[in-house]
Amino acid sequence: MKVTEKEVAYISSLARLQLGEDETRTMAAHMSRILEYIEKLNSVNTSTACSTFHAMEKTNTFRDDEVKESLSTLEALRNSPSPHSDFFIVPKVL
Amino acid sequence: MSTILKTTLHQLSEQLRNRDVSSVEVTRFVLNHIAEKDSSIGAFITVCGEEAMQQAEAADNRLKNGDQSPLCGVPVSLKDLLCTRGIETTCGSRILKGFHPPYDATVVELLKKAGAVIVGKVAMDEFAMGSSSETCAYTIPRNPWNTDHVCGGSSGGSAASVASGECYASLGSDTGGSIRQPASHCGVVGMKPTYGRVSRYGLIAFASSLDQVGPFTKDIRDCAIMMNCIAGHDPRDATSINIPVPDYTKALTQDVAGLTVGVPKEYFVEGLDTDVEKTVRHGIRVLEEGGATIKEVSLPRTDTCVAVYYIIAPAEASSNLARYDGVRFGLRDTNGASLAEMYRLTRSQGFGAEVKRRILLGTYALSSGYYDAYYKKASQVRTVITDDFRKIFSTCDLLVSPVAPTTAWKLGEKADNPLSMYLSDILTISANLAGIPAVSIPAGFSAHGLPVGIQLQAAHFKEEVLFRSGSYLEKHLSIPFSP
């Protein structure tokens, strides 16, 4: 499956990545080779197979709706690249 | 005192509990050994000298008061994707430089509760994506048996730190073979538990349906001791399974009489190194001499497992790594004029090439127009592979095979060929897709003196079969665990 540089650029934008020209070219070549290999999947008959998304069969795990101890605001903000006592400060959205 | 580095965890534990040596003495000795040795091994990203000495003192107080915990006072290392409160945790990536988690992972809490001494955080492929640990942004660990060669990956630092005597055990993670393969390449024991057996709370996620934490140790008894500590239900991990944990040390019976051992024919294929095959076949004969029934079996979808994995794992990773955006932790590129530009610049600067490649592959596989052909198809083939294992384990107790097609390759040898690197995982990936437990035990050496491991796989929650057969093999193969 050939992946074009235009497709790599589109997928990069979805993934919030910015690649240079050389990077884009290399990624397109690597991805093409990998996806060509992955065509092997078509050799397996899956007409009666459901999907496996979890290794073990399990239903959703719930807990009682009780307030429990959690991180303090100070702790939660401690690793913020832009220090503030109450918020994560980021460039403007609009 | 220098011989203390050559002892196993359980031998050291006995000496500590008998008060023949103190944890402070051992820990100081280990830290000095790391300071001398690690410049040539490169296993450690962060050495926690001060914290380790404090933990050693606390452990000595517990031992003085008669604490019998087998891990009390024992120096261990942790793969740098396990959250350690207040200690930098980088996942081998620039994007998490300076990240100090506000909490400990559950497995870290359990080790601390048992009195273990954490000497440091060790090197790994960036975000656990790799098979050689060469994508680590901080230090590339070298194989203690031959420092021109890789340790394997992604838990290369864990394997190297145990094999070089820089600690007595380590915790790593295994998503497609990242414990078993470096264990094989570095000549130590490495176990991937059943999915859900060990909590993933605080394990920084790569592929959530495949990741499992597991131990690296010098021998199988040490592995059982570590598993006793870390296994068990955790309500903070929604995928943690609530099944009682047996005492795995009681399964170390060194006896295989009556076991039916399957040898999957698809694991002995073209490209398998002759030294690896010779060593593993010798291990199979040893099992047969011990009274096991050996039979050839078939796992017909083995040749598709790499394809399945390299759709599912990158797809899950593309979602898991979306959180690295410069907002709440880690690297932030401040040159962006807008929030969207900040995300793009931060992520592009912070992630290495392999991580970007897998994020792109995963995003592609999940994108509109391709989801059915790639992700849905891969998840269906995963069901077929899991069913293949269920059928096999209805007639076999155990599967035995090589861990990897080759021994550890030279540093840089596969750096420019990602597909070649991916194909080296062909013998380990299926266990993650099916969620079954598996272990690598040292089995011998190649003609060039590089370690070869033998892989044992069992049905879900049958780690005891691995300990039973692994202890038998270890006794009868008698392979040294450090250079």
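**Figure 1. Salt bridges between chain A and chain B.** In this predicted model, three salt bridges are counted between chain A and chain B. One of the pairs joined by a salt bridge is Lys40(A) with Asp303(B). The closest N and O atoms of Lys40(A) and Asp303(B) lie 3.7 Å apart.

**Figure 2. Polar contacts across the interface.** Between chain A and chain B, 19 residue pairs are found in polar contact, with both residues of each pair at pLDDT 80 or more.

**Figure 3. Helices on the side of chain A that touches chain B.** Two elements of chain A, helix 1 (5-14) and helix 2 (21-38), each give two or more residues to the side that touches chain B. Helix 2 of chain A gives the most, with nine residues. By residue class, this side of chain A consists of 28 nonpolar, 14 polar and ten charged residues.

Figure 4. Chain A brings 52 residues to the contact, and chain B brings 70 residues. About 5,200 Å² is buried between chain A and chain B, and carbon and sulfur atoms give 67% of this area. On the side of chain A, the residues that lose the most area to chain B are Leu41(A), Met56(A) and Asn79(A). Together, Leu41(A), Met56(A) and Asn79(A) account for 13% of what the chain A side buries.

**Figure 5. Confidence of the prediction.** The average pLDDT of chain B is 95, and 100% of the residues of chain B score at least 70. For the complex, the predictor gives an ipTM of 0.94 and a pTM of 0.96.

Definitions and conventions. Residues are numbered from 1 along each chain as its sequence is written. Chains are lettered from A and ligands numbered from 1 in the order in which they are written. This is a predicted model: local features need pLDDT of at least 70, side-chain atom pairs count only at pLDDT 80 or more; totals for chains, interfaces and linings use all residues. Side-chain values use heavy atoms; hydrogens and water are left out. Contact means heavy atoms within 4.5 Å. Buried area is the accessible area (1.4 Å probe) that two parts lose on being put together, summed over both. A salt bridge is a side-chain nitrogen of Lys or Arg within 4 Å of a carboxyl oxygen of Asp or Glu. A polar contact is a pair of N or O atoms within 3.5 Å; within protein, one must be able to donate a hydrogen and the other to accept it, and residues adjacent in sequence count only if both atoms are side-chain atoms. Helices (H or I, at least four residues) and strands (E, at least two) are DSSP runs, numbered from the N terminus. Ala, Val, Leu, Ile, Met, Phe, Trp, Tyr, Cys and Pro count as nonpolar, Asp, Glu, Lys and Arg as charged, and the others, Gly among them, as polar. pLDDT is the predictor's confidence in each residue, from 0 to 100.
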